[in-house]
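Here are my notes on this model, as promised. Have it open next to you while you read.

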Amino acid sequence: MTEPILSIRDLTKTFGGVHAVDGVSLDVQPQETVALIGPNGAGKTTFYNMISGRMTPTSGSIHFEGDEITGLPPHRISRLGISRSFQITNIFQELSVRQNVEVALTAFHGKALSMLRLASRDREIIDEAYSLLERLGLEALAEQRAGVLSYGDKRLLEIAIVLATRPHLVLLDEPTAGMTPEETRHVTHLIRKLADSGDYTFLVTEHDMSVVFGLADRILVMHRGQRLAEGTPEEIRNDPEVKRAYLGEEEEEAAS
Ligand SMILES: Nc1ncnc2c1ncn2[C@@H]1O[C@H](COP(=O)(O)OP(=O)(O)OP(=O)(O)O)[C@@H](O)[C@H]1O
């Protein structure tokens, strides 16, 4: 068996008396797509924030590619190869779709981030930008101003920008949140293709179960900060405890 790319042991975060994440362990193998799911307040965001360095764990450890990264600041973690896609916060609205990816690639390749550099039209960067846009199905929109893209296409551009930094592990935060059903299907299909290419390892949080079951090789279910279950989509779909946790949530909502 290969070494996990990400290895998390007994990760815990408490806020006062609240155990937001309570002793959760997880291994992610290279090229795997793992989904992290759970009802509202399960601790998913806190778990993610600890991996990306936005929050320091109360206890437990996180190893990435064999090195301990527990408690490192976000910029160090990102430099080591973990990238997190936020909801369209990295996009330069006034630049074209292509230029947005070129800026990310230029920064990644350590070249001077000037418009002059962009204007010089470095062949390597142009080719790589087009290849990324093609992988995200955005090549026809390459010359559009990013600000006029649909919400779904902006989220795809955000993923292209994240991939431009050649991350070894990509954290996708609800990649289809706020999308129409058609956009959701399209984005799920594209991420599945990226995952199937074997070039990426994904850790995904998502509320939409059709997306989770369409994407994940393995699913970790959290509930009230703890690990409730872990398994293949099939195992999770049929797990009575998982059903109960989600049904319980619906019953609570119905009663309130
Ligand atoms: N900064 C904080 N201070 C205090 N409590 C917090 C803080 N962040 C999260 N919590 C609590 O920790 C628990 C887990 O929250 P978290 O946001 O991680 O859950 P989640 O699974 O991401 O939920 P959702 O699906 O609703 O986004 C909740 O009870 C929440 O109120």
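1. Start with the buried residues of H7: Thr184, Val187, Thr188, Ile191 and Ala195. Buried here means 20 or more other C-beta atoms within 10 Å of a residue's own, and exposed means 12 or fewer, with C-beta atoms placed from the backbone. Helices (H or I, at least four residues) and strands (E, at least two) are DSSP runs, numbered from the N terminus.

2. Before going on: this is a predicted model, with local features needing pLDDT of at least 70, side-chain atom pairs counting only at pLDDT 80 or more, and totals for chains, interfaces and linings using all residues. Residues are numbered from 1 along each chain as its sequence is written.

3. Back to H7 and its buried residues, Thr184, Val187, Thr188, Ile191 and Ala195. They sit on the same side of H7, because they cover an arc of only 105° around the axis (taken from the directions from the helix axis to the C-beta atoms). Turned away from that side are the exposed Glu182, His189, Lys193 and Asp196.

4. What covers the buried residues? Strand S3 (33-37), helix H6 (151-163), strand S8 (202-205) and helix H8 (209-215) are among the elements that do. Contact means C-beta atoms, placed from the backbone, within 7 Å.

5. Just after H7, Gly198 has a positive phi of about 80°.

6. The chain splits into domain 1 (1-81 + 167-255) and domain 2 (89-165), with bounds from an automatic or database domain assignment. Their contact involves 10 residues of domain 1 and nine of domain 2. Helix H7 (residues 181-196) provides the largest share of the domain 1 side, five residues.

Technical notes
Contact = placed C-beta atoms within 7 Å.
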